[in-house]
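Here are my notes on the model, point by point. Please read them with the structure open.

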Amino acid sequence: MSDYKLLTPGPLTTTEAVKQEMLKDRCTWDDEYKNVTQVIRKQLLVLAQVDEPDYTAVLMQGSGSFVVESVLTTAISEDDKVLIITNGAYGERMVEMAKVLKLQHVVYSVPYDEQPSSIAIQDLLEKDASITHVAVVHCETTTGILNPIKEIGEVVHSFNKTFIVDAMSSFGGVPMDLSSLHIDFCISSANKCIQGVPGFGFVIAKTNVLEKCKGQARSVALDLYHQWEVMKHDGKWRFTSPTHVVAAFAKALVELDEEGGINARYKRYADNNQILRSRLSVLGFEAYIAEGLQSPIITTFLFPSKEFSFEHFYEEMKKAGFVIYPGKLTDVDTFRIGSIGDIHKEDMLALCEVIENYMVVKNNEN
Ligand SMILES: *Cc1c(COP(=O)(O)O)cnc(C)c1O
């Protein structure tokens, strides 16, 4: 048993049953194991509300960033140009990757507490016909803002460009129909809303778009096309596959289904978030993101006063059984609390009570 619950954006609190799956060693070469991968690939398409053969799922070793980089290097050729939309650290990480990969790119950047505008994107696409791809983060985990991928997807589609979405912290927790969102590459990982453990990520791709990517990757290990080519036949991974993590993920998918699917999970996360926002607001914690733009995934709070010590607060929360997350903003002092993982209403209520008591003690000291 863990000593504390993780109120973080991943790795997050997983169930005992998911952890139990990792107690067995499995052979990568065995048909039964390869079939686990195939079942996962099929199930991911169901979650994305799409079907074979129009869409296909590819799993890739590594943390989420490895998979983002894998998509960028595989999907964007030397002749292509990507428009990267940023309002947080994960969008900026894509820009960093584009620089290292020497991809032709342009950046459309907006403040961290604002959504990108689809009209501005339309403008950029009109002015620069050499742009071939558009990349955006769905839930910017930096702040917890949810970006309007539906509106952006409409624009990208109307210009017939390839649409790449980093849905790392939202896929599985926010309902998404990939086809109506016009997404060509949707990226997520094992340790976020599906509630598995870290070790691999996955891409749900439009098959005819991925098919055109052969030989484009400027990397061997991160070649998504090659990974797909090998995996699509019988579920064999190129190179060592994270067997324990894959088994845990398969169990996590079963549990997601048992919970009632993505809609039920979305509701649980949104309820967690609602409890958190409303109870903390009463205590003087102001949320950084406006309510209408807030995702149910993670919430950024401003420090309630100049005297507030995050280190002390963190330690006290940890003693009470909850691990929270530091902020990721440079201009304002913030901290973050996640509402995803195996976290339920009673956990959120218990956390809020601990915070309430903390603030009473602090206020009495002053
Ligand atoms: C978690 C996350 C990633 C990947 O981060 P890793 O640390 O590489 O797993 C990428 N984008 C977003 C939006 C995320 O939340």
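1. Salt bridges. The structure holds 14 salt bridges, counted where a side-chain nitrogen of Lys or Arg lies within 4 Å of a carboxyl oxygen of Asp or Glu. One of them joins the side chains of D347 and K5, at 3.0 Å from N to O. D347 sits in helix α12 (residues 345-365) and K5 in strand β1 (residues 5-6), so this pair ties together parts that are 342 residues apart in sequence. Helices (H or I, at least four residues) and strands (E, at least two) are DSSP runs, numbered from the N terminus.

2. Basis. This is a predicted model, in which local features need pLDDT of at least 70 and side-chain atom pairs count only at pLDDT 80 or more, while totals for chains, interfaces and linings use all residues. Residues are numbered from 1 along each chain as its sequence is written, and side-chain values use heavy atoms, with hydrogens and water left out.

3. Domains. The chain is assigned domain 1 (5-9 + 261-365) and domain 2 (16-257). The bounds come from an automatic or database domain assignment. Taken over C-alpha atoms, the domain centres are 28 Å apart.

4. Extent of the interface. Contact (heavy atoms within 4.5 Å) links 24 residues of domain 1 with 27 residues of domain 2. The buried area is about 2,100 Å², and carbon and sulfur atoms give 61% of it. That area is the accessible area (1.4 Å probe) that the two parts lose on being put together, summed over both. In domain 1, I262, R265 and L293 lose the most area to domain 2, together 30% of what that side buries.

5. Polar links across the interface. The rule finds zero salt bridges between domain 1 and domain 2. Ten residue pairs are in polar contact there, both residues at pLDDT 80 or more. A polar contact is a pair of N or O atoms within 3.5 Å; within protein, one must be able to donate a hydrogen and the other to accept it, and residues adjacent in sequence count only if both atoms are side-chain atoms.

6. Domain 1 side. α10 (261-282) and β11 (298-302) each supply at least two residues to the side that touches domain 2. α10 gives the most, with seven residues.

7. Ligand. Residues around the ligand (a heavy atom within 4 Å) include S63, Y90, R93 and K192. A backbone N or O atom of G64 lies 3.0 Å from a ligand oxygen. In the side chain of S65, an N or O atom is 2.6 Å from an oxygen atom of the ligand. D166 places a polar side-chain atom 2.7 Å from a ligand nitrogen.
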